[in-house]
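Please consult the sequence and the structure as you read.

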Amino acid sequence: MMDNFRLILFISLGVILMLLWQAWEQHNAPARAPNNAVSTPATPAGVPSAPADSSRAGPGVPAAPATPAPAGTPVAVPLIERATRIRVQTDVMVVEIDTAGGDLRVLDLPRYPVSVDKPKQPLRLLSDDDAAFHIAQSGLIGSPEGLPYHKTRFASARTDYMLAEGQRELRVPLTHRAKDGTRYTKTYVFRRNDYTVDVEFHVDNATRREWRGYFYGQFARRATEAPGMFALPTYSGAAIYTANDKYQKISFEDMAKNPLKRENTGGWVAMLQHYFVGAWMPAAKARSEFYSGSIGSGRYTIGYKQLEPTAIAPGRSGTLTGQLYLGPKEPKRLAKLVEGMDLTVDYGWLTVISAPLYWALDWIHRFLGNWGWAIIVLTILIKAAFYPLSAASYKSMAQMKKLAPRLKALKERYGDDKQKLNQAMMEMYKTEKINPLGGCLPILIQIPVFIALYWVLLESVELRHAPWALWIKDLSGKDPYYVLPIIMGITMYAQQLLNPQPLDPMQKRIFMVMPGLFTVLFLFFPAGLVLYWTVNNLLSIAQQWAINRSIGATH
């Protein structure tokens, strides 16, 4: 009975590790560049309509001219127009703004290299290249004609801005004058050590009519490749947070099949990827509508538009604002932004376990200053917390190992008569007061902790490219020389020798193969996770050896 249970346990753990390995492979696999040939739409896509506001809301929605192609004729069209580029550099980001639309087209993060081998090449979070298309757009919609939106041409007095030493804030203005004389100034506001960006539209109403308009902000992004059936990858797609439904993921498929249209107060809309997030954040008490949709060429958009208009009297001025976050998914930084933003650090269904593990790991790191040593200390603390369960498990296995000669004798006596063999074994367990499942159940209880820690190590941007010691330069990546996985396999094999051996020869061979199989799987796991598993095995070996010796089951 115990042998069968242990076999199921190992197979289950093997399946879990296989799924996790697939996840690890999935989010490291390069995405395929989709075909860019599309049919030109008859009407421009991606421009939100103005909210209903009496008779003034209907006209005035910007529309780009488009000439429809003959039916069925694919026409290659550029993804987006390009004009003059404005380069902006702060201490945490390097941005390119295009005067065609005044969009954020490129955003590099100098503090986050693209890889350990390329420390001087920053990770690119936003890009208007076809293969990695992901940009932030904003504009105005409402009643006057000629409102600036994300296809309007702006003018700029400069093409290069830099946050100077000691300067706390950097303002980058773009201007546009409508045919009716109204002057619009779109200003991006950057701050030191800050990944939030303010977007301001200052309106100088030069007409004799009241000006009424609404701000909108959105992301346009190319869809990423869908994961495999059995993969558990980190999430890449959209997400929203509303007062009623809280945190909710919106996949690219959902954007195409069921376009989002939801009124809300506060909240946020975001585009997520591994370790990083871009989010539009309406004011906490502002009413807005969240929307999404497909805009062709494999691209999708998600954003928000204000539902309460800004009114500006003739000859007066006013300002409409929005705010962006474009940076790493650091829980502390995100928690200070708006409610629910820290949920973008997605630990999945084991968040209730993963969140405390991350807190403990971060707390330990404050004292040690090294994430590798923090993982080791956390492993010791987890082992100490599970000590009563582990001790009961190892004691049960030690008792089973002590009974091994007598169980082997029963096997020889009853041969293939499994019914009588099982009856005799259960009678022996009852006499010796041993629970045959006692060695397995505590291990099952610890498996969720292992998976939860996997997601902590996988989702924590702090561990990205974090070194430990010697050859381990990136705890979030695999061991380049496979030393840790091999050591882990050896420790797993040593544990097998300390355990009671199965009576069935086939199961015995399977158990001996398992360390090799797990070693192969761990070759591709993040080094931080392998470090945890190896240290845990070493502690388990020491504890099990001590218990075996005390019970007299060392041979």
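Buried means under 20% relative accessible area, exposed over 50%, and partly exposed in between (1.4 Å probe, protein chains only). This is a predicted model, in which local features need pLDDT of at least 70 and side-chain atom pairs count only at pLDDT 80 or more, while totals for chains, interfaces and linings use all residues. Residues are numbered from 1 along each chain as its sequence is written, and side-chain values use heavy atoms, with hydrogens and water left out.

Q: How many salt bridges does a search of the whole structure find?
A: A salt bridge is a side-chain nitrogen of Lys or Arg within 4 Å of a carboxyl oxygen of Asp or Glu. With that criterion, the search of the whole structure gives a total of 26.

Q: Which strands hold Asp 98 and Arg 85?
A: The side chains of Asp 98 and Arg 85 form a salt bridge, at 2.7 Å from N to O. Strands (E, at least two residues) and helices (H or I, at least four) are DSSP runs, numbered from the N terminus. The pair ties together parts that are 13 residues apart in sequence, because Asp 98 lies in strand β4 (residues 94-98) and Arg 85 in strand β3 (residues 85-89).

Q: Is Arg 85 buried or partly exposed?
A: Asp 98 has 0% relative accessibility and counts as buried. Arg 85 has a relative accessible area of 24%, so Arg 85 is partly exposed.

Q: Is Arg 212 buried or partly exposed?
A: Arg 212 forms a salt bridge with Glu 210, their closest N and O atoms being 3.6 Å apart. Glu 210, at 35% relative accessibility, counts as partly exposed. The relative accessible area of Arg 212 is 17%, so this residue is buried.

Q: How many residues apart are Arg 262 and Asp 245?
A: A salt bridge joins the side chains of Arg 262 and Asp 245 (3.0 Å, N to O). Arg 262 is in strand β15 (residues 261-265) and Asp 245 in the loop between β13 (237-242) and β14 (246-250); the pair links distant parts of the chain, and the separation is 17 residues.

Q: What span does helix α4 reach from its first C-alpha to its last?
A: Helix α4 (residues 351-368) has 18 residues. The expected span of a helix is 1.5 Å times one less than its number of residues. For α4 the expected value is 26 Å, and the span reached is close to it, at 25 Å.

Q: Which residue follows α4?
A: Within α4, the buried residues include Leu 357, Leu 361 and Ile 364. The residue after the helix has a positive phi, near 70 degrees, and is Gly 369.
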